[in-house]
Amino acid sequence: MLWKVGLFWHIDDTPGQFFLKDFIMKILIIEDDAGLNRGISFALAQEGYETVTSRTLKEGLELFDREKPDGVLLDLNLPDGDGMEGCKKIREKSEVPVLMVTARDMEVDELMGLTNGADDYITKPFSIAVLKVRLENLLKRKRRIPEEKPLLVSGEIRMDTKALRTFRGEEELELSMTEYRLLQYFLENKNQVLLKEQILQHIWDADGNFVEENTLAVNISRLRRKIGGNYIRTIQGMGYLWEESR
């Protein structure tokens, strides 16, 4: 994924195709101050975002359901309700990033906002530049975290991520935790080239530990023997590709 201010670029996941596509991120602004509402909307539009705005909680929640935004800027103090309650209602149906905007600067309010599901908290008065950076960071973080699917399937391979069980046909496979995580990563990224560095970082190096490439090759070899077939293809000089059609 390549970051472009206000926009995301991603690689087309059609097998054999590597096109870059862009799409506009939609932000819902729920802020009762008319001037601030317009100012934020204008600033984000200048950066390439699409915005939808509301000055009440009721209308904001209706817009959330209808517009399906990629992120929400939510004022804590609204004329018809508490932003914290609004955040809880959003969290009941979605994990979309929520940036709480408020005039309150007490630590207890910040903690309550985060406890109720907000991803970040910014206190008025604030710089629009700082607001944009915080929003961008939240959106980038969310795009890096794939939505977990309870059942991953490819050919004869079936993985139940909730029960932590894996099958080849009707046969249950005995996988080490590393092999399980490798297989899950491949199944979540079918028909996409995964660089060796990506796999090493995702499976082993989350805590900054150094891991040799040979460790990856050994575990890939073990996984291949257990799952059978020709699912995992080596891309010379780059990494590996899970080919569902093979």
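1. A nonpolar core here is a set of buried Ala, Val, Leu, Ile, Met, Phe, Trp, Tyr and Cys residues joined through side-chain atoms within 4.5 Å; buried means under 20% relative accessible area, exposed over 50%, partly exposed in between (1.4 Å probe, protein chains only). With that in hand, the largest such core has 23 residues, and those with the most contacts inside it are L182, F186, I199, I227, I232 and W242. Elements giving two or more residues to this core are β12 (157-160), α6 (177-188), α7 (196-203), α8 and β17. The largest share, six residues, comes from α6. Helices (H or I, at least four residues) and strands (E, at least two) are DSSP runs, numbered from the N terminus.

2. Before going on, some ground rules: this is a predicted model, where local features need pLDDT of at least 70, side-chain atom pairs count only at pLDDT 80 or more, and totals for chains, interfaces and linings use all residues. Residues are numbered from 1 along each chain as its sequence is written, and side-chain values use heavy atoms, with hydrogens and water left out.

3. Now the aromatics. The structure holds two aromatic pairs. Rings of Phe, Tyr and Trp (its six-membered ring) pair if their centres lie within 6.5 Å; planes under 30 degrees apart count as stacked, over 60 as edge-to-face and the rest as tilted. Y231 and W242 have ring centres 4.8 Å apart and planes at 15°, so they are stacked. That pair links distant parts of the chain, 11 residues apart: Y231 sits in the loop between α8 (213-227) and β16 (232-235), W242 in strand β17 (residues 239-242).

4. Lying in helix α3 (residues 83-91), G83 has a relative accessible area of 0%, so it counts as buried. Beyond four places in sequence, G83 is in contact with L74, D75, L76 and M100. From G83 to T56 is 27 residues in sequence and 9.7 Å in space, C-alpha to C-alpha.

5. On confidence: pLDDT is the predictor's confidence in each residue, from 0 to 100. The protein's mean is 81, and 78% of its residues reach 70 or more. Over residues 1-22 the pLDDT is below 50, though beyond near neighbours in sequence this stretch has 49 contacts in the model. Where pLDDT is low, the predicted coordinates should not be read in detail.

Note on methods:
Contact means heavy atoms within 4.5 Å.
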